[in-house]
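I opened the notebook for a model that is new to me. I wanted to look up how its parts meet.

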Amino acid sequence: MSDVQREVSELERKSATAARLFDIRRIIGGLFTVYGIIVTIAGITASDADLDKAVGVNVNLWTGLGMLALGIFFLVWLKLRPTAPPPPPPASEDDRQPQR
Amino acid sequence: MHVLAAELRLPTNWLDYLILAIYFAVVLGIGFAARASVKTSLDFFLSGRSLPAWVTGLAFVAANLGATEILGMAATGAQYGVAVVHWYWVGAIPAMVFLGLVMMPFYYGSKVRSVPEFLLHRFDKPAHLLSSGLFAFASILISGVNLYALSIVVEALLGWPQWVSIVVAGFFVLAYITVGGLSSAIYNEVLQFFVILAALIPLTVLGLKRVGGWDGLTDTLTKQHGGDFLSAWGGTGIGDANPLGANWLTIVLGLGFVLSFGYWTTNFAEVQRALSAKNLSAAKRTPLIAAFPKMFIVFIVMIPGLVAAALVPRIGLEGSGLTYNDAIPLLMSELLPNGVLGIAVTGLLAAFMAGMAANVSSFNTVFTTDIWQKYVVKDREDRYYLRFGRLVTAIGVVASIGTAFLAASFSNIMGYLQTLFSFFNVPLFVVFIIGMFWKRASVKSGFYGLLAGTAAAMANYFVIYKQGVIAIPTDQGANFVSAIVGFVAGAVVMVAVTLFTAPKPEEQLAGLVYGTRSPGMEEPPAEGDDAWYRRPALLGWGAIILAAALYLPYSL
């Protein structure tokens with residue numbers, strides 16, 4: 001292995017991303033659920049002017065429901081398949097040092 | 001690029017601004033929440049090589065789906081018609097599949113942290129330094145294009161002064177990348193991908209309804225522009241005149257092979273997403289997963305462009321008051337009520353910021369690991385490079401603001417970007433492809449190939465085309481030709497230099513050239529990666545066949 005490969009392997013071992021990074025599904029699910037609710041309400045309370053503008057389609061209602069479905073999909077997916085715990089790091093000198 | 005017409009001011013209200021404000025809060029939240037995961041420079045620059053394939057795959061497509069791409073491709077649709085599909089089906093899918101199936105084992109397996117770092121192993125320091133320098137320069141330039149485009153769009157749509165949106169967008173990108181690193185950039189890209197879909201799908205549906213469905217749209221456009229406007233290949237015979245100014249040969253070779261492979265396989269802003277995947281299988285699947293949304297996104301970009309062309313027959317011409325780039329903003333203001341309008345504005349702003357963030361987060365990596373760590377301040381502890389990476393991120397954003405105004409002289413943002421890519425990516429691609437597949441390609445050939453290709457593409461565009469030595473009908477057509485010229489010049493020079501200089505010793509090429517393997521690359525497949533739907537070959541060939549099938553309705 002070249003020096004760079006050794007360096008990257010070493011950094012990969014010390015990396016904290018796998019262990020500490022949160023799951024993006026939670027954020028997508030949360031944001032789209034909130035957006036879905038807001039836009040669906042805008043659709044339910046749509047004025048005639050809104051409907052006329054969108055060539056007769058209640059676009060807020062449909063888009064809101066679509067976003068809500070996407071948000072719920074991500075939350076359900078997260079619930080059914082939670083983030084896998086990261087594999088235990090191989091024991092070595094560095095790992096026994098106290099965490100900062 | 002012209003300033004958008006003043007009548008495009010959107011009737012936004014508190015609801016739209018609420019949606020926008022929530023998004024900005026979430027963007028910052030992601031940055032700060034990702035902060036805890038950044039412990040080493042590898043976490044900051046490559047997410048510790050630990051992300052799942054669906055995340056890197058969606059980030060891969062979103063990094064390309066910046067607002068300049070969205071507005072520019074809708075503009076191309078309004079200007080050239082259905083021919084815009086070439087940028088997706090022949091101009092993206094084959095290259096993405098090639099990257100995943102053929103090149104990724106070398107990129108990921110060799111453990112390089114960037115595209116230029118691969119050149120350092122395969123060739124030598126001059127080639128590495130030249131490509132790092134060109135990349136750093138191009139990223140800042142393109143990032144500046146994004147920021148400038150954002151400012152004029154926001155000024156037209158929301159009435160914010162240009163400097164306000166430049167400072168605000170710059171600040172947000174600066175904050176979330178400096179704090180959370182690449183993980184933060186990638187997560188925001190995934191989020192942006194879904195928001196942009198939520199914005200463009202309703203716009204496409206309403207646009208079609210407005211002009212009487214697909215049949216109504218094609219009838220109107222055929223009357224206005226003739227049948228070739230709605231055909232992918234109509235009028236592209238060699239010697240025929242068509243609006244694109246290119247024939248099938250320059251489309252397939254220039255766009256489909258040279259420009260597209262250059263962009264998708266060697267542009268580090270893209271490849272970086274795949275390098276951050278958690279294992280080789282996920283890295284290979286990154287561009288393959290991205291290929292499927294990519295081939296369908298053309299519909300929600302092209303159709304608004306075509307609808308705008310049908311509604312405003314003189315769009316882009318003198319006297320209409322609208323440029324081609326106004327296609328999507330025009331439909332937003334005409335069709336979307338408050339609520340969805342807020343989603344669309346958010347999607348557009350998110351896409352601008354993500355496009356800029358992709359460039360900034362790849363720039364900081366190349367500048368820190370390829371330039372600073374290798375040539376300026378070597379052998380310091382990892383924490384130093386992590387700190388320096390954060391500093392360079394800030395410098396990169398400030399420099400982008402400074403270059404934002406370079407974009408002002410082109411009427412089509414996309415043309416400008418394509419021009420840049422033909423200069424910076426095409427020579428890089430030729431050096432990669434020869435270096436990866438020809439063991440004999442000598443150590444020195446990389447540098448000279450890169451230099452010759454870049455010089456030739458620039459000479460063709462700025463001297464031969466711009467000075468009118470050879471007449472090429474349009475900027476786009478000239479880009480395709482310049483790309484081919486750069487490719488051929490780079491290849492010829494590489495072969496010539498190789499014949500007179502020493503090859504690299506065989507043992508140093510392990511894992512870098514086709515037919516060799518990296519030592520230590522034989523990792524066992526992760527659990528579940530042997531599922532049939534995760535097989536890279538199936539995903540890759542499936543994407544190619546589907547893209548070819550999509551051409552059929554527009555080619556007969």
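**Between the chains**

I counted the salt bridges between chain B and chain A and got three. A salt bridge here is a side-chain nitrogen of Lys or Arg within 4 Å of a carboxyl oxygen of Asp or Glu. I noted one of them: R49(B) pairs with E12(A), with the closest N and O atoms 3.1 Å apart.

I kept the ground rules beside me: this is a predicted model, where local features need pLDDT of at least 70, side-chain atom pairs count only at pLDDT 80 or more, and totals for chains, interfaces and linings use all residues. Residues are numbered from 1 along each chain as its sequence is written, chains are lettered from A and ligands numbered from 1 in the order in which they are written, and side-chain values use heavy atoms, with hydrogens and water left out.

Next I looked up polar contacts between chain B and chain A and found 14 residue pairs, both residues at pLDDT 80 or more. A polar contact is a pair of N or O atoms within 3.5 Å; within protein, one must be able to donate a hydrogen and the other to accept it, and residues adjacent in sequence count only if both atoms are side-chain atoms.

Which element gives the largest share of the side of chain B that touches chain A? It is α9(B), with eleven residues. Helices are DSSP runs (H or I, at least four residues), numbered from the N terminus. By class, that side of chain B has 31 nonpolar, 16 polar and ten charged residues. Ala, Val, Leu, Ile, Met, Phe, Trp, Tyr, Cys and Pro count as nonpolar, Asp, Glu, Lys and Arg as charged, and the others, Gly among them, as polar.

The contact (heavy atoms within 4.5 Å) takes 57 residues from chain B and 42 from chain A. The two chains bury about 4300 Å² between them, 71% of it on carbon and sulfur atoms. Buried area is the accessible area (1.4 Å probe) that two parts lose on being put together, summed over both. K39(B), K111(B) and Y187(B) supply 14% of the area that chain B buries against chain A, more than any other three residues.

**Helix packing in chain B**

I checked α6(B) against α13(B), residues 280-311: the angle is about 170° and the axes are 8 Å apart. Axes are lines fitted to C-alpha atoms, for helices over the stretch in contact, and angles run from 0 to 180 degrees between N-to-C directions. That makes the pair roughly antiparallel (over 145 degrees). Their contact has 15 nonpolar, one polar and two charged residues.

How values were computed:
Helix = DSSP H or I, 4+ residues; strand = E, 2+ residues; numbered from the N terminus. Parallel < 35°, antiparallel > 145°, perpendicular 65-115°, else oblique.
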